[in-house]
Amino acid sequence: MKITKLDIYILRAPDTGRPHWVSNFIVPRANEILVRMHTDEGVEGVGIATSYTPIAAAIKAFRSGIAELVVGADPLAPERLYQKLFALTSQRIASEKGWTREAIVRISAAMDIAAWDIVGKVAGLPLYRLFGGYRNEVPCYVTCAYYRDGKDMAELRDEMQMLKAQGHTGFKGKVGGLPLKEDIERMALVREVIGDDKELMIDVNRGWDLATAIEGARLLEPLRPRWLEEPVRWADDRRELKLLARHTRIPLSAGESELTSYGCRALLEEQAIQILQFDCTMMGGFTEGRKLAALCEFNHVQVAPHHDCFIHAHIVAASPAGCIVESFTDPERDPLQAELFEDPPRIANGRLTLKEAPGLGLKLSEAALKKFGEQIL
């Protein structure tokens, strides 16, 4: 089998004029690469890459020939294809063409996921079964409590009541963008609304220095968070995560901000976290995601991937280390989860149930593609 053609789209959602903030940056409502991979045997695969940074660098790489290195390759050899693309980060051609390292990493992830989708379809099996088939249902939480201009406690209460009514049993709130006292009050309100029987996770998005993280963890402990995510700033996060762990009983998590799987490996080697949150759509695809899940299992670390629950459910369901997936069920925050796929896996009562359709088991909505997509290749 050979890859004969690639259709490349950039997915964007319209600017509402009232963005969602985390502690230190605006989170795009949609900023993704979508790959449709065609083959000479008529089997098609879909892959997605997510970027929180401007996507112009990836567009430039596609328009200057990077896709030509994929056409003609064997999609049933995703490891070989991934290694070929990732190797570009160390090759002269990338400099000559102006392909940035981050753009190559994102593109290699999307291509890898599309290739694995084809592998699953050819095998006639959903990917979670090919990857191990540990279970067909995984826990699922919703990310919420973002900062928005003018958002007060009343609006936060309304948001949490809406999400609770959707049937969620796990909620992840954002902190780090306000003084500590105000953030603790916000999370106390979230805990009050969701009740003591629901799970609460706290995400700092690398917004605190070590001293603030130690105090923040102390003040958050009465709210019983399941984990404290990316609690310290980027510059020395692995060392500071280990230092913070000495001062709190709250499990620490990280990984989504790593550019490669090697950075995630270092988090495990340094025993800095208890929960790893890599993102197959931001780096590595399933080829690297499966390796990281195996490392987590051997290192007694749980797997709770960042973003794209319909993609990452295959990794979480396949491994004994699989913990939970992240969802966005407020269309104001992420319209793609609600609209991009026709009849996606069902989320109900805090669980996502995988389908038995082969590959990713996802069918693109042509209406959503027309609404959000710009075809660049």
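**Helix packing and nonpolar cores in the predicted chain**

Helix α1 (residues 56–63) packs against helix α4 (residues 101–123) at an angle of about 70°, and their axes lie 9 Å apart; axes here are lines fitted to C-alpha atoms, for helices over the stretch in contact, with angles running from 0 to 180 degrees between N-to-C directions. The two helices α1 and α4 are therefore roughly perpendicular to each other, a term that covers angles of 65 to 115 degrees. On the α1 side, Ala57, Ala58, Ala61 and Phe62 meet Ala103, Ile107 and Met111 of α4, where contact means heavy atoms within 4.5 Å. The residues of this contact divide into seven nonpolar, no polar and no charged, with Ala, Val, Leu, Ile, Met, Phe, Trp, Tyr, Cys and Pro counted as nonpolar, Asp, Glu, Lys and Arg as charged, and the others, Gly among them, as polar.

The model is predicted, so that local features need pLDDT of at least 70 and side-chain atom pairs count only at pLDDT 80 or more, whereas totals for chains, interfaces and linings use all residues. Residues are numbered from 1 along each chain as its sequence is written, and side-chain values use heavy atoms, with hydrogens and water left out.

The chain contains 14 helices and 18 strands, assigned as DSSP runs (H or I, at least four residues, for helices; E, at least two, for strands) and numbered from the N terminus. Of its 377 residues, 58% are buried, that is, under 20% relative accessible area with a 1.4 Å probe and protein chains only. Among contacts between residues at least 6 apart in sequence, 73% join residues at least 24 apart.

The largest nonpolar core comprises 86 residues, and those with the most contacts inside it are Leu220, Leu228, Leu276, Phe278, Phe286 and Leu352; such a core is a set of buried Ala, Val, Leu, Ile, Met, Phe, Trp, Tyr and Cys residues joined through side-chain atoms within 4.5 Å. Helix α12 (residues 309–318) supplies the largest share of this core, eight residues. Apart from it lies another core, of 31 residues, including Leu6, Ile59, Leu88 and Ile104. When residues up to four places away in sequence are not counted, leucine 220 touches Ile184, Met187, Ile202, Trp208, Pro225, Leu228 and Ile250.

Valine 190, in helix α7 (residues 180–194), is buried, with a relative accessible area of 0%. Leaving aside neighbours within four places in sequence, valine 190 is in contact with Ala145, Leu156, Met160 and Leu200.

Technical notes: Parallel < 35°, antiparallel > 145°, perpendicular 65-115°, else oblique. Buried < 20%, exposed > 50% of the residue type's maximum accessible area, 1.4 Å probe, protein only.
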